[in-house]
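My entries follow in the order in which I made them.

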Amino acid sequence: MTAANTQKLDVFGVGNALVDILAFVEEDLITKHSLQKSGMTLMDAPTQGGILHDLEHIPLQMRSGGSAANTMIAIAQSGGTGIFVAKVANDPNGELYRQDMLDSKIEFNVVPTSTENGPTGTCVVLTTPDAERTMCTNLGVSVSLSANDIDAEQIKRCKYSYIEGYLWTGPDTKQACIQAMEDSKRQEVKVCFTFSDQFLVDMFADDFREVASNYCDVLFCNADEARSFCGIESLEECAIKIGELVETAFITNGKEGCLVAKDQKITPVPGFPVKAIDTVGAGDAFAGGVLFGLTHGYTPIQAARWGNYLASAVVQIQGPRLEGSWEDKFQEVISSPN
């Protein structure tokens with residue numbers, strides 16, 4: 001094993017590898033295609049192709065993405081390190097994805113699969129004038145991620161593992177999640193899980209409750225997901241209930257910031273007032289900021305403040321990811337008064 005393989009890292013990430021195709025659109029496009037606004041809809045290639053056809057005259061941006069991947073890149077932009085595990089195909093989008101991750105300083109040692117197994121996954125992200133994002137996802141070859149792709153030796157290099165709830169939609173990807181959690185527990189690596197989307201909570205609430213109780217050290221969710229999970233309207237009461245399941249939970253609430261549940265104590269951490277133009281990636285950036293803080297010895301409250309800051313920055317741009325390094329802002333942000 002080379003020196004590069006044994007270097008200690010902050011976070012082992014597992015998720016769907018998706019090339020994001022970003023577009024600003026009007027509300028009528030969402031209505032025309034009967035999309036669930038502000039959510040994520042899984043679809044086949046022809047259905048996604050119909051949406052892309054309607055975007056022919058709209059400027060598009062393409063980036064490597066997927067929820068956990070965006071979080072891993074936010075960790076790197078904060079000054080942290082990590083390795084990401086996902087499936088891509090041997091096609092132009094797969095190469096774009098690989099190069100983009102490496103350029104972002106995240107290890108990505110995935111061997112591309114044959115295009116006979118499907119293309120690299122894509123996600124069309126439609127942002128409407130109210131800054132809400134609606135995602136149309138063709139998972140492609142990412143559904144073939146399996147428990148065999150999880151390398152316990154790579155997990156052992158890391159302080160935390162981070163696993164996205166989106167993987168729960170397929171039997172093989174679900175098993176990859178469980179394998180990563182079990183290997184992490186054996187290696188005494190802290191397990192972080194994100195609910196990812198309210199529709200997943202609606203479908204898999206019992207599974208997620210079991211995951212939180214049996215595996216999770218750190219849980220991420222937003223206010224809508226928390227309310228759906230707990231069946232309670234009061235976010236404070238949701239935080240209390242979720243805090244009973246895990247050591248630490250972070251519940252984001254848009255411009256209000258977040259609630260941190262730590263050892264069953266609930267602390268609000270205010271957000272940063274900004275004008276949002278695109279909310280895509282806010283939760284991912286938040287989780288990346290938090291994970292950087294936690295893996296570098298900062299308190300959950302300090303980590304949440306940095307997460308809030310990165311989230312407030314990403315909603316001011318198009319797309320799910322900031323550019324360049326942000327580490328020189330870290331100390332200023334966590335040490336400034338609320």
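Entry 1. I looked up Asp149 and found a salt bridge with Lys87, the closest N and O atoms being 3.3 Å apart. I took a salt bridge as a side-chain nitrogen of Lys or Arg within 4 Å of a carboxyl oxygen of Asp or Glu. The pair links distant parts of the chain, 62 residues apart: Asp149 sits in the loop between β7 (133–138) and α6 (152–156), and Lys87 in the loop between β5 (82–85) and α5 (92–103). Helices (H or I, at least four residues) and strands (E, at least two) are DSSP runs, numbered from the N terminus. Asp149 is partly exposed at 25% relative accessibility, whereas Lys87 is buried at 13%. Buried stands for under 20% relative accessible area, exposed for over 50%, and partly exposed for what lies in between (1.4 Å probe, protein chains only).

Entry 2. I noted the basis of these values. This is a predicted model, in which local features need pLDDT of at least 70 and side-chain atom pairs count only at pLDDT 80 or more, while totals for chains, interfaces and linings use all residues. Residues are numbered from 1 along each chain as its sequence is written, and side-chain values use heavy atoms, with hydrogens and water left out.

Entry 3. I then turned to Asp100, whose side chain meets that of Arg321 in a salt bridge (3.4 Å, N to O). Asp100 lies in helix α5 and Arg321 in the loop between α12 (300–314) and α13 (330–335), so the pair ties together parts 221 residues apart in sequence. I found both Asp100 and Arg321 to be buried.

Entry 4. I recorded a salt bridge between the side chains of Asp54 and Lys32 (2.8 Å, N to O). Because Asp54 lies in the loop between α3 (45–53) and β4 (61–65) and Lys32 in helix α2 (residues 27–32), the pair ties together parts that are 22 residues apart in sequence. Asp54 is partly exposed, with a relative accessible area of 25%; Lys32 is exposed, at 56%. The count of salt bridges comes to 16.

Entry 5. I examined helix α4 (residues 67–78) against helix α11 (residues 282–295): they pack at an angle of about 45 degrees, with their axes 7 Å apart. Axes are lines fitted to C-alpha atoms, for helices over the stretch in contact, and angles run from 0 to 180 degrees between N-to-C directions.
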